Amino acid sequence: MDDHFERMLEPSSTSLPSYQLKDKGAAQLFQPSKTFQGPRPGMAFKRGPRGVGYYEDAYEMKKARDAGLLPQDARGANKRRKTADGGGLATGGLEGEEEDEDEEEDEDAFLRKALESDEIDEETIKKILEAADKQQDVVELDLPGVKKLFLGLERKIQANLLKRVKFADEPAKFLDSELELYEEIGQFKAVAAAPALYPELVKLDVANSLLGLVTHENTDISICALGCLAELTEPDVVLEAEKEAGTLVEALVEKNGLELLVQNLQRMDEGREEDVKGVIHTLQVIESLVTVRPSLASVICDKTSLLRVLLTRVKAKRFDEVKAYCAELLSILLAADSENQRRLGQLSGLNGMDTLLQAIAYYRRREAASPEEKECIENLFNCLCSCLLVAENQARFRQSEGLDLLLRCIRERKGGFLGALKALDSACLNSVPNCEKLIELGGLKALFPLYMGRGWGSALKGKRQGEKEALIEQVVSLVASLCLHLMVLSEEGAVEEAKEGGREGKRKHEVEEARLLSKFVEGGGEKVDRAVELFVKYQDKVERARLRLAAQDEDGTGEQLDEREDDAEEKRETRLARLMDAGLYMLQRVAVVLGFVYSRSLEGQERLRKRMKMEGREGLGEVADVLREYALSVGEDVEGAVAEGGGAARQRRRLRFWAAHLEAADGGMVGEGEEGEDEDGEEGVEREVSGGGGSDEDGKRKKGEKHEDKEKEEEEAEVREEMAKEA
């Protein structure tokens with residue numbers, strides 16, 4: 001706050017006196033100064049009984065002594081010097097002052113000795129508390145006490161407002177009122193310890209008062225008010241008395257607090273240390289509001305320019321506390337609401353995806369210099385992954401050369417390496433154009449060494465086993481996306497061939513598919529061996545999880561299936577979630593890789609059979625079963641969320657074709673199993689996860705039996721036709 005007054009008050013051209021004055025009744029040294037002239041050892045700049053200047057301060061004295069700026073007996077020396085200066089003036093009045101000073105020194109010495117001691121008895125603790133009570137005026141945080149704090153704050157606000165209006169051109173005349181207001185705001189923070197009393201403060205319109213201080217012309221008062229709001233809206237404080245404290249949150253939103261907070265960010269100068277605090281406090285308040293009221297994540301991004309402000313700050317080519325906090329808050333907002341993901345890509349006058357990629361590009365050849373910077377990098381990539389859940393953003397990402405940037409990050413093995421793998425998986429998930437572009441850019445050369453468990457360098461050093469597996473699973477999932485989605489588009493090409501009567505449309509992306517397939521058959525088929533190894537590993541993990549769930553159902557320790565439909569659905573979802581945690585999703589993704597290899601390469605078929613036999617797996621029916629189960633789970637979520645060339649119906653058809661192909665190799669009947677599910681595969685999912693259903697479900701299945709049989713026959717004919725073409 002001193003900097004603000006230094007800017008307002010014109011500095012004196014004459015040098016200030018260096019003599020020290022004794023303040024009446026306070027035993028303090030005083031150096032008059034109209035402006036802040038920099039820190040002085042043992043002194044604090046403030047307005048006191050002698051006016052504006054530097055006053056001796058016990059806390060500053062201790063800091064100065066600890067730093068070696070003053071001798072340990074500085075106070076005693078000052079006392080001797082003052083006594084000497086007093087000379088024969090040490091009359092009765094001054095003797096009384098010196099006695100008070102000696103008593104204060106004794107108390108200070110006692111407190112210092114007690115606090116430095118390792119053992120403190122009850123009597124010492126009592127004396128410490130008594131000394132503390134003498135030094136400060138404690139306000140009881142009951143209803144009268146809280147009202148007293150608020151009314152004191154209101155008086156200071158009104159007094160400052162009147163003086164600002166009356167002496168608009170003479171800042172020195174309202175300087176004292178602003179200092180008092182600043183101190184009063186600091187005292188009001190104590191209200192955060194009594195969230196149950198917030199409703200009473202809301203009735204007194206505390207939200208309007210605090211938001212008015214946020215927009216105060218003096219930025220230091222604004223920053224102090226923001227700090228107070230950050231204390232009052234701290235999630236731990238609000239959740240302690242959620243119903244009562246929630247009234248303050250609602251009042252702040254109703255008074256347009258969200259808009260005011262974002263607007264106030266624009267006037268903060270991050271070149272000033274104090275303003276940096278203001279930015280941090282503002283972000284803290286916004287994060288707290290979103291944490292206690294998740295629905296506000298969409299509201300604040302819709303009504304304000306917060307996304308634009310955060311993107312601008314994370315793009316800065318430096319790392320500081322503000323950038324770290326902006327990246328964290330942006331990650332929270334994008335993960336909280338899909339509409340925010342769309343809004344980022346649709347910002348007018350600003351390419352949101354391109355700006356986010358610029359922020360990530362800063363770490364292409366840079367390592368994180370601290371844990372905080374490492375966390376900032378992770379948050380930036382989390383932002384990108386959230387945005388890539390939207391199909392339009394996947395296209396914008398490709399147009400902004402995002403794939404090229406991520407591959408460069410992977411090749412450089414610097415700060416953005418691990419985040420780039422995660423983002424690349426999100427970019428290619430259900431996006432055929434991105435899969436094609438990735439192969440065109442030579443991405444296979446960068447990915448397959450990682451798929452084989454090589455080339456990680458020091459990236460896995462210090463990681464726990466679970467974290468290492470998660471990173472490797474990211475690469476396996478990415479390879480599975482390439483296998484599945486390129487095949488889907490090839491199928492589209494076959495349709496074009498039938499329409500046009502030629503081979504132009506067939507295998508529209510035949511080159512990319514051939515390059516992918518060649519990676520699996522080169523090197524003696526080691527990559528097929530790797531896929532089989534992963535399949536066996538995750539199959540064992542999932543099977544153990546199924547047995548545990550079955551055992552829990554039998555002995556009654558698991559969740560009981562209730563007759564009510566809602567409870568049954570919840571049970572199925574819980575069961576499926578546990579299987580996914582055990583590795584079901586990765587088992588399905590590895591099965592996709594095996595299905596692709598088996599359907600496209602004779603060499604791959606031989607290697608797959610041989611390796612499965614070595615692992616004690618007789619036949620390929622187990623892989624086929626996993627593919628059928630995966631086909632049932634590909635439904636509305638994939639088709640509705642992201643459908644950039646990789647529709648859910650095509651994926652289901654491809655997975656069923658591979659399953660039939662694998663079963664045919666074992667001498668099974670093509671089309672056996674659960675291919676007769678309804679169009680969305682929902683019924684099949686329920687049978688697989690729950691292991692059964694109620695009488696209503698049986699009736700529905702019987703009612704639709706004819707329709708299913710007809711659909712099954714059509715699918716079997718389609719699969720046979722495709723198998724004939726493949727042969």
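Please keep in mind that the model is predicted.

I will start with the salt bridges. How many salt bridges does a search of the whole structure find? The count is 32. As background, side chains of opposite charge can pair when their charged atoms come close.

Lys 203 counts as exposed, because its relative accessibility is 65%. Glu 200 has 27% relative accessibility, so Glu 200 counts as partly exposed.

Next, please find Glu 412 and Arg 364. These two form a salt bridge as well, and their closest N and O atoms are 3.6 Å apart. Glu 412 belongs to helix 22, residues 402-412, while Arg 364 is in the loop between helix 19 (352-361) and helix 20 (371-387), so this pair ties together parts that are 48 residues apart in sequence. Is Arg 364 buried or exposed? Arg 364 counts as buried, because its relative accessibility is 18% and the cut-off for buried is under 20%. Glu 412, at 29%, counts as partly exposed.

The next pair is Arg 530 and Glu 533. Their side chains meet in a salt bridge at 3.5 Å, N to O. Helix 28, residues 526-555, holds both Arg 530 and Glu 533, and they lie three residues apart, about one turn of the helix. Arg 530 is buried, with a relative accessible area of 12%. Glu 533 is partly exposed, at 38%.

Salt bridges can also be followed through a group of residues. Which residues are linked in a network of salt bridges? They are Arg 454, Lys 519, Glu 522, Glu 526 and Lys 527.

Now the charged patch. On the surface, Glu 231, Glu 234, Asp 236 and Glu 240 gather into a patch of negative charge. Glu 240 is part of helix 11, residues 235-240. With a relative accessibility of 61%, Glu 240 counts as exposed.

Why is helix 23 described as largely enclosed by the rest of the structure? The reason is that 10 of its 12 residues are buried. Among the buried residues are Phe 417, Leu 421, Leu 424, Asp 425 and Cys 428.

Helix 14, residues 273-292, can be checked in the same way. Its 20 residues should span 28 Å at 1.5 Å a residue, and the end C-alpha atoms are 29 Å apart, which agrees. Helix 14 is mostly covered, with 14 of its 20 residues buried.

Last, the backbone angles. In general, most residues other than glycine have a negative phi. Arg 413 is not a glycine, yet its phi is positive, about 60°. Where is Arg 413 found? Its place is the loop between helix 22 and helix 23. Arg 413 counts as partly exposed, because its relative accessibility is 30%. From Arg 413 to Arg 366 the distance is 9.5 Å, C-alpha to C-alpha, while the two are 47 residues apart in sequence.

Asn 430 also has a positive phi, near 60°, and it too is a residue other than glycine. Asn 430 follows helix 23, in the loop between helix 23 and helix 24 (432-440). Asn 430 is buried, with a relative accessible area of 8%.

Notes: Residues numbered from 1 in each chain as written. Predicted model: local features only at pLDDT ≥ 70, side-chain atom pairs only at ≥ 80, totals over all residues. Heavy atoms only, no water. Patch = residues over 30% accessible without salt bridge, like charges linked within 9 Å, V, L, I, M, F, W, Y side chains within 5 Å. Areas by Shrake-Rupley, 256 points an atom, 1.4 Å probe, with all protein chains shown as cover. Salt bridge = Lys/Arg side-chain N within 4 Å of Asp/Glu carboxyl O. Lys, Arg positive; Asp, Glu negative; His and termini not counted. Charge placed at Lys NZ, Arg CZ, Asp CG, Glu CD. Helix = DSSP H or I, 4+ residues; strand = E, 2+ residues; numbered from the N terminus. Buried < 20%, exposed > 50% of the residue type's maximum accessible area, 1.4 Å probe, protein only. Expected span 1.5 Å × (residues − 1).
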